[in-house]
Amino acid sequence: MDRVESLKRLKVSSNLDSAGLIQQSFCYDISRNWTISVSWGYAVQILRGNILAREMEIPVRTFLDWNGVGDENSFSFNTRPVSMDPCQKPSLYFVSNSLYNPKTNQTASEYVRFRVPNKKCRRKMADPARISRVEVYKKPDPTMWDRAPRRNCCRILPTKKKRTLVIDVGVCRDGETVEEQ
């Protein structure tokens, strides 16, 4: 889709939960050894392995500095390099639809897989590319900025839907924050 269509989709999410828009939440699928990052209303990433949230919070260097050098020291914030290892490339899912259910006071958003040709990972690990759709359920939380940590956590929910991952995003519970992992 073009930029205007992308902004229209982002605006739908913004109208539903502006405080939670693009806020990054993390969860772990222990059975498949995945780390999941949800930037609510925008994108979901599924990575192989258990990656600490404090590392996931560091932006991946998918951009260049103003003079195009791409030197990691030219930014006033930390960045992490893009991995060339096909086993460490995230599977990306972008928002395709968001809606609000007033009966449950909950948003439901759907993310579909962004298909990009990648080299195949040769390690015996569960492949996140087998997931084609991610559903995320979240209650709007306008007081999120009054608490620490200033982000939500997410949980994998059971589902019988094939090729679908279902996630609940909400206030972090005991044992879900970075420091406790």
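The largest pocket holds about 860 Å³ of space. A pocket here is an open set of points on a 1 Å grid over the protein atoms alone, where a 1.4 Å probe fits, with protein on both sides within 12 Å along at least five of seven lines. Lining residues have an atom within 4 Å of a point.

Select Gln 45, Val 60, Thr 62, Arg 80 and Pro 90. Of the 33 lining residues, these are the closest to the pocket's centre. Next, colour β2 (34-39), β3 (43-48), α2 and β4 (91-101), the elements that each give two or more residues to the lining. β3 gives the most, with four residues. Helices (H or I, at least four residues) and strands (E, at least two) are DSSP runs, numbered from the N terminus.

This is a predicted model: local features need pLDDT of at least 70, side-chain atom pairs count only at pLDDT 80 or more, and totals for chains, interfaces and linings use all residues. Residues are numbered from 1 along each chain as its sequence is written.

Now colour by pLDDT, the predictor's confidence in each residue, from 0 to 100. The chain averages 86, and 93% of the residues score at least 70. Confidence is highest in strand β6 (residues 133-138), at a mean of 97.

Go to the loop between β1 (24-29) and β2 and pick Asn 33. Its phi is near 60 degrees, a positive value in a residue other than glycine.

Last stop: Asn 105, in the loop between β4 and β5 (106-114). Phi of Asn 105 is positive too, near 50 degrees.

Conventions: Heavy atoms only, no water. Points joined across faces, edges and corners; volume = space filled by probe spheres on them.
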